[in-house]
Amino acid sequence: MGCCQSKRSKTTAWCKELTVLASGTPFTVSEVEALHELFKKLSSAVIGDGFISKEDLQFALFRNNNKKNLFVNRMFDLFDVKCNGVIEFGEFVQSLGVFHPNAPVEEKIYFAFRLYDLRQTGFIEQEEEMVVALLQESDLELSDDVVQTVVDKTFSDADSKDDGKIDPEEWKEFVSKNPSIIKNMTLPYLKDVSMAFPSFALISEVGESEM
C-alpha cells in the first residue's frame, strides 16, 4: 500500500511539473511530456546521467563531441540557467520555448542579444568573436575579408550611438529593421512537438482541460 501511495504521489508531482512548465511556455501539457521523451534521448547521447551535458548537446547538434564549437558553448550557457554545468528538464523546456513560433518577438530579440554578448558585459562589442565565429562556423564559404565586411556593416548599421558597441535598445531597433537577423530564433517544428517527434508523443496523464 505504501508503494502504491508513493507511486501515486510521484505521478501527481510529475503531472504538476508538466502543468507548471506548460503554463510558463507556449507548449501544451502533452507537448511538454513529448519534450521529456526527447530530453531523455538527448541526455543519454554521451554521458547518460539524466541531464544534458555540453557533450550531449554537441553530439545532438553535430553528431560528434570532439570539435569545440563556440556556438554550442554559448547556447549551453544560456540553457543552463542555474549555471551548474548541466541542462535540467525545466531549463530545457523553458529555453526551447523562446524558439517556439508563438513566443513573443521580444523574448527572441533578448535571447539573441545574450547569445552575441559573449563576455556578458551587457553590450555586443565590435571585437566580439561570437559574431565572427558564427559566420565562420556556418555552412557558408566565406573568406576572412568577407566575414569582417559583414561584421563591420552590421555595426555600422546597428551602432547608432557610434560608440563601438551595441546596447539592448540599439539591438532591438536594428532587429526591427532587419527581422531576418533573428530568423534562426524560430524553429517551426516546435509548433506541434507531438507531430515533429511522433515516436515520443505520449498520452498525457493530465488532460489539457485540467490546466
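**View 1. Ring pairs join Trp-14, Phe-39, Phe-89 and Phe-92 into a cluster.** Welcome to a predicted model, which holds 8 aromatic pairs. In one of them, the ring centres of Phe-39 and Phe-92 sit 5.4 Å apart and the planes meet at 55 degrees, so this pair is tilted. Phe-39 belongs to helix α2 (residues 29-43) and Phe-92 to helix α5 (residues 89-97), so the pair ties together parts 53 residues apart in sequence. Both partners are tucked away: Phe-39 is buried, with a relative accessible area of 3%, and Phe-92 counts as buried at 5% relative accessibility.

**View 2. Phe-99 and Phe-111 make an edge-to-face pair.** Here the rings are 5.3 Å centre to centre, with 75 degrees between their planes. Phe-99 comes from the loop between α5 and α6, while Phe-111 lies in helix α6, so the contact ties together parts 12 residues apart in sequence. Phe-99 counts as buried at 6% relative accessibility, and Phe-111 is buried too, at 5% relative accessible area.

**View 3. Helix α6 spans residues 105-116.** Along the way, look for the buried residues of α6: Lys-108, Ile-109, Phe-111, Ala-112, Phe-113, Leu-115 and Tyr-116. Phe-111 is the partner of Phe-99 in the edge-to-face pair of the previous view.

**View 4. Lys-165 lies over the face of Phe-123.** To finish, here is a lysine with an aromatic ring: Lys-165 is placed 4.1 Å from the ring centre of Phe-123.

Key. Residues are numbered from 1 along each chain as its sequence is written. This is a predicted model: local features need pLDDT of at least 70, side-chain atom pairs count only at pLDDT 80 or more; totals for chains, interfaces and linings use all residues. Side-chain values use heavy atoms; hydrogens and water are left out. Helices (H or I, at least four residues) and strands (E, at least two) are DSSP runs, numbered from the N terminus. The expected span of a helix is 1.5 Å times one less than its number of residues. Buried means under 20% relative accessible area, exposed over 50%, partly exposed in between (1.4 Å probe, protein chains only). Rings of Phe, Tyr and Trp (its six-membered ring) pair if their centres lie within 6.5 Å; planes under 30 degrees apart count as stacked, over 60 as edge-to-face and the rest as tilted. A charge sits over a ring if NZ of Lys or CZ of Arg is within 6 Å of the ring centre and within 35 degrees of the ring normal.
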